[in-house]
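Q: Hi! Could you walk me through a structure, starting with the charged pairs?

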Amino acid sequence: MTEGTATASPAGKCDGCGATDVPLMKISLGRDFFGRVYDRLSPSSDLSPKWYCERCSVEKNLQRDFRDIKGEFEKLTKGAASVLGQADQLERAKLRLKEIAAMLAVDALKPTLLKPEEVAALTRSLETRRTASIV
Ligand SMILES: [Zn+2]
């Protein structure tokens with residue numbers, strides 16, 4: 001159950017790690033990793049912006065990209081039309097996953113939203129996919 005608090009005032013704590021005495025910033029989804037505008041009808045995440053401390057906001061962006069890539073990859077594996085069907089987008093997604101993994105590996109970023117092993121697993125899947133698609 002998410003609380004539908006007013007967007008004007010933060011709850012006073014980070015929605016990621018729960019820190020209270022830190023500067024918070026509002027995260028609202030604009031465009032996804034592939035440059036598409038989010039569907040305004042369905043994702044509730046866009047309708048209820050959350051507040052994050054600086055560290056969590058960085059991680060939130062990583063999480064968003066990870067989720068976009070994962071979603072598209074799932075479509076691809078099901079044989080549905082996917083942005084990742086384009087070689088350049090697939091390459092871009094792979095690079096981004098590497099970036100995400102590298103950032104998660106940095107001590108300063110304590111993963112609360114995104115699990116490094118999930119990123120590693122998706123990276124492996126994408127690598128496998130590329131190898132498989134090369135004839
Ligand atoms: Zn935080």
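**Salt bridges and helices**

A: Happy to! Lys70 pairs with Glu74 in a salt bridge, with 3.6 Å between the closest N and O atoms; the term means a side-chain nitrogen of Lys or Arg within 4 Å of a carboxyl oxygen of Asp or Glu. This is a predicted model, where local features need pLDDT of at least 70 and side-chain atom pairs count only at pLDDT 80 or more, while totals for chains, interfaces and linings use all residues. Residues are numbered from 1 along each chain as its sequence is written, and side-chain values use heavy atoms, with hydrogens and water left out.

Q: Nice. How are Lys70 and Glu74 placed in helix α2?

A: Lys70 and Glu74 are 4 residues apart there, so about one helical turn separates them. Helices here are DSSP runs of H or I with at least four residues, numbered from the N terminus.

Q: And why does that spacing matter for direction?

A: An α-helix has 3.6 residues a turn, so residues three or four places apart point the same way.

Q: What about the span of α2?

A: Helix α2 covers residues 54–77, and its 24 residues should span 34 Å at 1.5 Å a residue; the end C-alpha atoms are 35 Å apart, which agrees. The expected span is 1.5 Å times one less than the number of residues. After α2 comes Gly79, with a positive phi near 85 degrees.

Q: Which residue pairs with Glu99?

A: That would be Arg96, at 2.6 Å from N to O. Arg96 is buried at 15%, while Glu99 is partly exposed at 42%.

Q: How many salt bridges are there in the whole structure?

A: The search finds 9. Asp32, Arg36, Glu72 and Lys75 are linked in a network of them.

Q: Last one: what does Gln89 contact?

A: Leaving aside neighbours within four places in sequence, Gln89 is in contact (heavy atoms within 4.5 Å) with Phe34, Val83 and Leu84. Gln89 sits in α3, residues 87–105, and is buried at 16% relative accessible area.

Definitions and conventions: Helices (H or I, at least four residues) and strands (E, at least two) are DSSP runs, numbered from the N terminus. Buried means under 20% relative accessible area, exposed over 50%, partly exposed in between (1.4 Å probe, protein chains only).
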